[in-house]
Amino acid sequence: MFVHKDSNSPAYYELNISPSGQWALYSFDAYHKNMTPVIPTRPPRVHAIQAEDRLEVQVRADFSGRPCTGTMAVSAVIEDSACGLAYWAVTHPSVEPDFHHSDSFIIGSRL
């Protein structure tokens with residue numbers, strides 16, 4: 001998940017999560033610029049539910065106390081033993097998957 005910090009700035013957060021419960025949160029000043037690890041006030045909670053035909057991952061992330069506009073991009077990289085890597089997003093604004101692309105931040109603003 002990628003969340004803009006300010007509607008007038010290219011700065012954003014990147015939250016990576018895994019069904020195992022592992023996570024990482026980073027801050028960027030602009031597109032791939034000055035990646036800095038962030039320790040949140042409360043760690044994200046990750047809950048994975050695996051069924052025979054699907055995997056559901058629920059994430060609760062608390063951004064209170066941090067600047068953010070609420071506009072975000074949601075994406076996933078899924079590895080399948082038969083098909084390899086697949087890149088999923090609400091939108092892919094460029095030819096190659098680029099989750100950091102500013103035109104991906106459409107949830108909460110242009111969706």
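**Close-up views of a predicted model**

**View 1. Arg 42 and Asp 62 form a salt bridge, with their closest N and O atoms 3.1 Å apart.** Arg 42 sits in the loop between strand S4 (36-37) and S5, and Asp 62 in the loop between S6 and strand S7 (72-73), so the pair ties together parts that are 20 residues apart in sequence. A salt bridge here is a side-chain nitrogen of Lys or Arg within 4 Å of a carboxyl oxygen of Asp or Glu. Strands (E, at least two residues) are DSSP runs, numbered from the N terminus. Arg 42 is exposed, at 53% relative accessible area. Asp 62 is partly exposed, at 24%. Buried means under 20% relative accessible area, exposed over 50%, and partly exposed in between (1.4 Å probe, protein chains only).

This is a predicted model: local features need pLDDT of at least 70, side-chain atom pairs count only at pLDDT 80 or more, and totals for chains, interfaces and linings use all residues. Residues are numbered from 1 along each chain as its sequence is written, and side-chain values use heavy atoms, with hydrogens and water left out.

**View 2. Arg 54 forms a salt bridge with Asp 53.** The closest N and O atoms are 3.6 Å apart. Both residues are exposed. How many salt bridges does a search of the whole structure find? The total is two.

**View 3. A hairpin joins S5 to S6 through four residues.** Strand S5 covers residues 45-50 and runs antiparallel to S6, with six bridges between them. Two strands pair if DSSP finds at least two bridges between them. His 47 stands opposite Gln 58 in S6.

**View 4. Five strands form an open antiparallel sheet in the order S4-S3-S2-S1-S7.** S4 and S7 stand at the edges with a single partner strand each, so one side of each is left without a neighbour in the sheet. Within the sheet, S2 and strand S3 (residues 23-28) run antiparallel and are joined by six bridges. Glu 14 stands opposite Tyr 26 in S3. In a regular strand, side chains alternate between the two faces of the sheet.

**View 5. Asp 6 lies in the loop between strand S1 (2-4) and S2.** Asp 6 is partly exposed, with a relative accessible area of 35%. Leaving aside residues up to four places away in sequence, Asp 6 touches Ala 11 and Thr 69; contact means heavy atoms within 4.5 Å. Asp 6 and Thr 71 are 65 residues apart in sequence, yet 8.9 Å apart in space, C-alpha to C-alpha.

**View 6. The largest pocket holds about 620 Å³ of space.** A pocket is an open set of points on a 1 Å grid over the protein atoms alone, where a 1.4 Å probe fits, with protein on both sides within 12 Å along at least five of seven lines. Its volume is the space filled by probe spheres set on the points. Lining residues have an atom within 4 Å of a point. The largest pocket has 20 of them, and Ile 17, Val 57, Ser 75, Ala 76 and Val 77 lie nearest its centre. Strands S2 (12-17), S6 (55-60) and S8 (75-80) each supply at least two lining residues. By type, the lining divides into 13 nonpolar, four polar and three charged residues. Nonpolar covers Ala, Val, Leu, Ile, Met, Phe, Trp, Tyr, Cys and Pro; charged covers Asp, Glu, Lys and Arg; the others, Gly among them, count as polar.
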